[in-house]
Structures are given as C-alpha cells and as structure tokens.
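Subject: Structure handover

Hello,

Here is the structure we talked about. Please open it alongside this note. My findings follow below.

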Amino acid sequence: GAYGSSGFQYRLATTGDYQPSLRFPWLAAEACKTFSMKLSNSYAELPGDFYTRIETERAPNPVLIAWNEDLAAELGLQALGGDRDQLTRIFSGSEPLPGGQTLALAYAGHQFGHFVPQLGDGRAALIAEVMRPQDGKRFDIQLKGSGQTPYSRRGDGKSSLGPVIREYLLSEAMHRLGVPTTRALAAVVTGETVYRDSEEPGAVLTRVAASHIRVGTFQYFAARKNLDALRRLADYTIARHYPQVANEEQPLQALFGAIVEAQARLIAHWMALGFIHGVMNTDNTAISGETLDYGPCAFMDEFHLDKVFSSIDQYGRYAYGQQAGMAQWNLARLAECLLLLDDDQTAYEEILASFQPCYVRLYLSLMSRKLGLDETGEDNGTLVAAWLQHLQDHGLDYSQSFVRLEERLQADTPVEFGEFETLWLKQIKQQAGGQLKAAENMPSSNPRIIPRNHQVARAIEAAFEGDYSVFREMHQALSEPFTQQPGLESYAEPPLPHERVRLTFCGT
C-alpha cells in the first residue's frame, strides 16, 4: 500500500487511481431508504473493536421540547416530523430509528494532560448516519443521555436537562455565527430524575456531526499498537472527510496537513468570537474540524486573555489565550499516532509547525474584518493587539465593544476608546471606501447577540421548573445573531454585576 499497508491501498496498481468505493462500498452504494430518508451505517462496517453494539434505555415519560425543522429539512429527515409521538420515542432512545444501527464508539484521550487509554461513549449512542440529499455528504445522528454503555465507567449514562439546553443553544448559535460545529436536532425530557449535585430532570439531546472521529480515536488504537485498525481508521477518515488527499504522494502526511489546517481555522473562529471551549481534551478534538462538546464552555463578557470559566480547569490549561497552543498540542498527539504508520518524523514536525502561521493568518483575517480593516493592511496586527490591550486594561465587554466601535464611525463625539481609536480611525480613513465602507462591512462580522452565560443559566433555571419559553425565546434571538430583533433586545446586553456567571459546569 501507499504507506506500508498490506490491504488498505490508496492507489490501484492497474490504474493509478484511488477508488474508495472498492474499500468502502457505502461511498458508492445506494443507502437504505426509510421514510424517504437516506440512512447508512458505514461505521458499523468497521471491525468490532471500533465500537460496541448497544440498546438505548427506554424513557419513562418522554416529552419533545425542541425539534430543529430547518436542520431536519437540510438532512432530508423532515418526514419524521409528521408523527410527533414517534419522533419523541426515537429521539428519547425509547425506539430505534428504522434502518439505523445503535453503536457506542470506542476512543481514548488525554484529559487535562493525562492519558486515559479507554474512554468511549459513556452516555452517547450513534443511531445512524444520514446522507444529505443535495450533496450526499454523510452525518452522524447521535443521542446523548440515552443510558449506560460498556464505556460508562460507573456513570449512569444519563444527562441532566441543563447540559442539553446549553448544547442546543450554543451549538445552534455557533452554526449561525459561521463556526464549524456539531448541531442539535432534537431535545427530549425523559420524565426521570438524574442525580448530580442535586436531583435534576433527565433529558436526551440529539446531536448531528460530520462524524465523531476524534484524535482520541486514533490514540485508542495507537495505545494498543493495533496497526491494522489504525490503518483502517486512517483509510476511513480520508474516504469520509478528506478524499482530496487520497492521491497525494504521501497521503497520511497530506491527511495530517488537512487536519492541522482545519483545526487552525476552527480555533481562529473561536478566538475571534471570544469563545472558550473549556475542555479541549484530545477526545473532544474532532478530526473533521468541528466544535465538539459544549460542556463547561462560555462566551466572554468582559475581555481578559487568561479568562477561564470551566469549574474543572483549575489551573487554566484551557484558558482563552491558551486555546491555539492547546490545539497544536493535541495535534502533536495525533502525529504520534500516525508516526506508527509512517515514520518520517521530520515531515510531521514540519506540518505541525505550520499550525501557528496558519492560525495567525486566519485569526488576523477574521479580526481585521471585525475592525473594518482592509485585510491587506500592514499594521493590522498591531491594531488588533492594541484593541485587545485596551479592552483588557479597561475591563470592557468583548462583543459589545465591537458594536460600539461600529457606531464610532458615524459619531462626531469625543474619543471613547483612547489612543487606539485615533490610530484605528486614521487607518480606516486611508483605506479605499473609508469610513462608509467600513461601516457597511463591520456589522456582518460582529454579532449583536451571543449566547451569554447568564442568559443560558436563566433558560436552564426556567426549564428546570417546566418553563421552556425562555429557552425558545433565546433560541429565536440567537437564530439571527447579526441583527437586533424587536422585543429581544435584552439578549444583546452584558450581565449586571449580580448576574455574572463565573463558573460553568460539565454536567456529566
């Protein structure tokens, strides 16, 4: 094979062409059609050590509280919405999705720097893959909170309603903000009680992802020196996510390069929006480059480079300003796995080193747009640094300050943002189109509404009392984050001192 494999060739000796359908028939074959849906189960075609077949637990009294009709239509699942009772049963885990196969996936991971050789889906179940009608791209459909699996490690396999509300709101907000992310398809309260710090209502989230392959998935097989499985995983990852690298001279190195670029792009988006993931373990690092896992995450209110919200991140490993470095660290762990198949260490070190300049370029591009700057400006980096320093020195709200800066372009009033504003306006005026063009462009890069911590907490508290109106109203506000919607102005406001959320919790 192209990288030493006996059975997983990227090229066919007779033609010189990579034909993934010969190794993975699911790429070429017509998938199962149920309710006019194109369902598939390609991961179930991998060897049994990749997963365990399971049955989800029946919910005693499930009630559907959210169904994402737009996402369902995009995935060709809208026919399911015609029977709300069946919808509730399927997405509570009480009834299997017709045509699907239910799996708990195996993976390992570095958690806060410490390697755990076996983690896996302890409270999640992959119930099917769906092929998007317009382009045939496949997505996982996964239940979170549907009961114990062989990977539960003494956990109950359930989810409290709080993490379900949080992930639904934040993942959909991230999608609307243009960030690569998993998405929320449905939320169901189960009618049972789960026990965390107190008694809490149970719930199940349905998550949609490009896949659930993680850095930790590669680590799982690397730790066991299972090179056959590691090759198979690499082959599957290329076929599913990065088919463009299949015919490269060194496909594994090209795969790593594509993943490095995807992660750089993702972290640049996080940083530009003031988003803190909070638990950037390798088992939460998706090979697809999507944001995976919305546990103790948060958007910053007042800006500070060292901001931490996660209650379990006691030493600030995953602080806001650490995220790019931690992503590169996680990618180094992936490189260690791939080196078991391709021992060109120098090549992988060079590819890994490309992360930082790629990230800086992408981040600076996003930040330049947010500041209304021509992206080719030589002084953009200096201005971005000066802006962030001003925000931190004065404890200013991150998102709202960009909106205020937009307003400065049309205001003939005393300087509000000190020396930075004077330098910034000077550069804006020297650009093509000047202040007018900058004022036209900035609103599309600066959200008026983000899922602020205190508002998410308010939605969760109301939901615990059986009131989902705050959750639904907030979801509506977040669906158009770049516009100010009448009647929803409060969602744009930073918290009052007594409303500030200083710690967020994973919920598992």
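At what angle do helix α9 and helix α10 pack, and how far apart are their axes? The angle is about 20°, and the axes of α9 (residues 345-353) and α10 (residues 355-370) are 4 Å apart. Axes here are lines fitted to C-alpha atoms, for helices over the stretch in contact, and angles run from 0 to 180 degrees between N-to-C directions. Helix α9 is therefore roughly parallel to α10. The cut-offs are under 35 degrees for roughly parallel, over 145 for roughly antiparallel and 65 to 115 for roughly perpendicular, with the rest oblique. Helices (H or I, at least four residues) and strands (E, at least two) are DSSP runs, numbered from the N terminus.

Ile351, Leu352 and Ala353 of α9 meet Phe355, Gln356 and Pro357 of α10. A contact means heavy atoms within 4.5 Å. By class, 5 residues in this contact are nonpolar, 1 is polar and none is charged. Ala, Val, Leu, Ile, Met, Phe, Trp, Tyr, Cys and Pro count as nonpolar; Asp, Glu, Lys and Arg as charged; the others, Gly among them, as polar.

Ground rules. This is a predicted model: local features need pLDDT of at least 70, side-chain atom pairs count only at pLDDT 80 or more, and totals for chains, interfaces and linings use all residues. Residues are numbered from 1 along each chain as its sequence is written, and side-chain values use heavy atoms, with hydrogens and water left out.

Confidence next. pLDDT is the predictor's confidence in each residue, from 0 to 100. The chain averages 90, and 92% of the residues score at least 70. Residues 1-23 have a pLDDT below 50; this stretch makes 51 contacts in the model beyond near neighbours in sequence. Residues 25-35 are also below 50, with 28 such contacts.

Now the salt bridges. A salt bridge is a side-chain nitrogen of Lys or Arg within 4 Å of a carboxyl oxygen of Asp or Glu. The count comes to 27. For burial, buried means under 20% relative accessible area, exposed over 50%, and partly exposed in between (1.4 Å probe, protein chains only).

- Glu74 and Arg183: the closest N and O atoms are 3.5 Å apart. Glu74 is in helix α2 (residues 69-74) and Arg183 in strand β11 (residues 183-195), so the pair ties together parts 109 residues apart in sequence. Glu74 is partly exposed at 26%, whereas Arg183 is buried at 9%.
- Lys144 and Glu167: the closest N and O atoms are 2.8 Å apart. The pair links strand β9 (residues 138-144) to helix α4 (residues 161-176), 23 residues apart. Lys144 is buried at 8%, and Glu167 is buried at 3%.
- Glu416 and Arg408: the N to O distance is 3.9 Å. Glu416 is partly exposed at 35%; Arg408 is buried at 5%.

Shared partners join Glu74, Arg132, Asp135, Glu172 and Arg183 into one network of salt bridges.

One last residue. Ala184 sits in strand β11. Ala184 is buried, with a relative accessible area of 0%. Which residues does Ala184 contact, leaving aside neighbours within four places in sequence? They are Asn68, Leu71, Tyr168, Ser171, Glu172, Leu205 and Thr206. Gln328 is 144 residues from Ala184 along the chain, and their C-alpha atoms are separated by 27 Å.

Best wishes
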